[in-house]
Amino acid sequence: MRYGRELLKGSTDHLLLSLIGQEPTYGYQLIKEIGKRSDGYFEFKEGTIYTALHRLEKVGLIEGKWERIPNGQERRYYYLTKMGRSVLNEKRDEWRGFSAAVNLVTEPANMG
Amino acid sequence: MAGLLGCSEFGYRTGKYGLRPGINQMLPKLKQYLARVKSSSKLDPTAESEIVRELQTHFEDEMGELCQAGFSTTEAADVATKRFGAPEALGRQIYEVYSKGTWSEALLAAVPHFLLALTFGLHLWRNNFWLFATALMVISVTLYAWRHGRPSWFYSWLGYSLLTLFVIVFLVLLAVGQGLSRFMLGSGMQWVVMAVYVPVALCWLGYIIVCIVRRDWILASFMMLPFPAIIVWLFALEQGVGLAAYGKGGLQSGDQGVAFTFLALGGAAGTFIRLRQRLFKIVALTVATLLVLAVVWRFA
């Protein structure tokens with residue numbers, strides 16, 4: 001659905017920063033986690049996640065580090081930087097305000 | 001859906017921590033996919049190997065999971081690449097992430113042009129110490145950037161370094177040729193030396209350009225940005241007052257014109273680094289070249 005895709009496009013950074021902020025993680029795990037938590041609602045072309053991760057890293061919101069996982073192989077784990085944490089907080093506030101306002105307009109009865 | 005073949009023949013064992021293959025053992029389909037991403041992303045070698053390695057680990061995980069679910073290796077590779085999206089589109093997206101440099105990178109790309117502008121604007125090209133210090137700086141920065149991943153701004157310095165080396169070797173050989181002519185081998189020896197050196201140097205330059213074009217022809221054009229300006233100025237001055245007369249310092253307005261040319265090139269180089277889209281980068285280089293011609297027309 002076009003509307004959904006546009007929404008997702010605008011929310012990708014927020015979703016990625018939120019998950020990385022909860023726990024340092026790598027690309028594949030991120031994709032699985034987003035799919036699992038959204039019950040399959042968010043479907044990305046997986047390559048675009050890596051583009052987004054590298055974009056966020058380039059502007060200094062996250063930092064990637066190669067780390068060894070239990071099977072002896074290495075994965076590139078992403079960590080939230082200090083600037084990333086503050087941008088995440090801003091985005092979270094922005095989203096709460098936005099979704100509350102949308103709810104007020106579209107479902108006034110539920111807002112008690 | 002699941003194929004008859006298991007995944008173990010390519011090392012994709014089904015256990016959670018089973019061994020996974022390295023890039024050389026990857027399926028041809030996955031290798032091809034990564035090669036197509038690489039050729040579209042046109043990154044510097046360091047960033048490229050990092051990204052390819054990361055995408056490779058993704059495919060390892062994905063293949064492992066799909067094989068565990070009962071897919072054959074061929075089916076798993078099909079599904080994994082399909083989920084990833086078109087390799088060229090991914091390569092282009094990666095290119096756009098890395099193609100836009102920071103303001104400091106833009107400044108770094110502009111500095112060698114500005115140094116030339118300063119050299120002519122303040123008539124410092126007659127000052128041997130200044131020329132030596134500038135040449136040394138240009139070559140040192142180029143070598144430093146060469147060893148540190150060859151970022152885009154490096155190509156701005158590389159063009160001047162090659163030119164500096166060309167001129168230095170030319171002068172040395174000219175002196176050697178003159179020496180040989182005087183003491184040993186009769187007159188005209190310096191021209192024999194030059195006749196050998198110039199084609200060899202041009203072949204060497206051509207080889208370097210081909211190597212850069214293999215990564216990205218826009219970077220080769222970026223490196224060559226000052227070349228048309230220098231050639232056009234040499235011709236214009238020769239046609240005007242003559243290079244020998246100019247060399248004696250008789251034409252102040254010529255210096256100003258050359259300085260303006262290199263200022264414009266510096267601006268273009270900085271803009272080139274700051275732009276994200278390839279098309280705009282091409283436009284920046286084209287406009288800069290046209291601007292150079294306009295400046296030469298105005299001052300020569």
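Visitor: Which residue of β3(A) is the bridge partner of E63(A)?

Guide: In this predicted model, the partner is Y79(A), which belongs to β3(A). Strands here are DSSP runs of E with at least two residues, helices are runs of H or I with at least four, and both are numbered from the N terminus. Two strands pair if DSSP finds at least two bridges between them, and β2(A) is joined to β3 (residues 74-80) of chain A by 7 bridges, the two running antiparallel.

Visitor: In what order do the strands of the sheet in chain A stand?

Guide: The open sheet has 3 strands in the order β1-β3-β2, with antiparallel pairing. Because β1 (25-26) and β2 (62-68) of chain A each have a single partner strand, they stand at the edges, and one side of each is left without a neighbour in the sheet.

Visitor: Which helix lies across β2 and β3 of chain A?

Guide: For such angles, axes are lines fitted to C-alpha atoms, for helices over the stretch in contact, and the angle between N-to-C directions runs from 0 to 180 degrees. The helix is α3 (residues 46-58) of chain A, which runs at about 115° to β2(A).

Visitor: How many helices and strands does chain B have?

Guide: Chain B has 13 helices and 0 strands. A residue counts as buried if 20 or more other C-beta atoms, placed from the backbone, lie within 10 Å of its own, and buried residues make up 35% of the 300 residues in chain B.

Visitor: How many residues of chain B are in contact with chain A?

Guide: Two residues are in contact if their C-beta atoms, placed from the backbone, lie within 7 Å. By that rule, 15 residues of chain B are in contact with 16 residues of chain A. On the side of chain B that touches chain A, α2 (45-68), α3 (73-84) and α4 (87-99) of chain B each supply at least two residues, and α2(B) gives the most, with 6 residues.

Visitor: Into which domains is chain B divided?

Guide: Domain bounds come from an automatic or database domain assignment, and chain B is divided into domain 1 (8-96) and domain 2 (102-299). Between them, 5 residues of domain 1 of chain B are in contact with 6 residues of domain 2 of chain B.

Note on methods
Residues numbered from 1 in each chain as written. Chains lettered and ligands numbered in written order. Predicted model: local features only at pLDDT ≥ 70, side-chain atom pairs only at ≥ 80, totals over all residues. Buried ≥ 20, exposed ≤ 12 C-beta atoms within 10 Å, placed from the backbone.
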